[in-house]
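I opened this entry to look up a few surface and sheet details. My notes follow the view.

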Amino acid sequence: DVNGSVDWDVSDVQVDSSGDIDLVSTNNSAGAITIHANGGTSEGILIRSDQGTSATEGSASVQLLSDVGGINVKSGLNGANAILLTADGGTSETIVIHADQGSGTGSIKLLSDAGGITFTAGADIELDATNDVNIPANVGLTFGNDAEKIEGDGTDLTISGNNINLTATADVVIPANVGVTFG
């Protein structure tokens, strides 16, 4: 039992336990518990579970849980893969980003302030929504290259391409108050 503060200045520290190891702080500050590496460009911090197989919240083999606050992951690396999430367990693996109670239009949001967002897949990319998939009127969709695109400005919609085919298993309906112009 140690009451007060402890300061160790040693080259290596190892704690082995056949029971739990808990780090608990009752300090009400932003850095109540800090894990900090400051040894040089090859340093790293590893949090690892060798044998845990659970993926369930509350019992997953590695967990970051915040009961009432947020979780922020930030990298200062100016390079590719500054933040990388990788699943490497086999052909049934998945990565899921899940908001289980957010009901707003941005409950999950991908945001890039200066660059674009790229979706790349080895198979299909599927958009599946209970309601609409909305694309703002001032945003165009380009397919393949600039020769095939859909653009709108809130008033007009332009579909351009070498060949445009409308195929339907039922009717293609053009309302009576809409004119069709050829040529």
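Predicted model: local features only at pLDDT ≥ 70, side-chain atom pairs only at ≥ 80, totals over all residues.

I looked up Ile-164 first.

Next I placed Ile-164 in the chain. Ile-164 lies in the segment after β3. I then checked the surface around this residue. Ile-164 belongs to a nonpolar surface patch of about 980 Å². Leu-157, Ile-159, Leu-166, Val-172, Ile-174, Val-178, Val-180 and Phe-182 make up the rest of that patch.

I moved on to the sheet. Three strands form an open sheet, ordered β1-β2-β3, with antiparallel pairing. β1 (141-143) and β3 (157-160) are the edge strands. Each has a single partner strand, so one side of each lacks a neighbour in the sheet. I noted an average twist of 5° from one strand to the next.

Then I went through the pairings. How many bridges link β1 and β2? I found three, with β2 covering residues 148-152. Phe-143 has Glu-148 in β2 as its bridge partner. β2 and β3 also run antiparallel, joined by four bridges. Here Glu-151 stands opposite Thr-158 in β3.

Last, I checked the turn. β2 and β3 form a hairpin, with four residues between them. Which turn residue has a positive phi? I noted Gly-154, at about 95°.

Definitions and conventions: Residues numbered from 1 in each chain as written. Heavy atoms only, no water. Pairing = 2+ DSSP bridges. Helix = DSSP H or I, 4+ residues; strand = E, 2+ residues; numbered from the N terminus. Axes fitted to C-alpha atoms, helices over the stretch in contact; angles between N-to-C directions. Patch = residues over 30% accessible without salt bridge, like charges linked within 9 Å, V, L, I, M, F, W, Y side chains within 5 Å. Areas by Shrake-Rupley, 256 points an atom, 1.4 Å probe, with all protein chains shown as cover. Salt bridge = Lys/Arg side-chain N within 4 Å of Asp/Glu carboxyl O.
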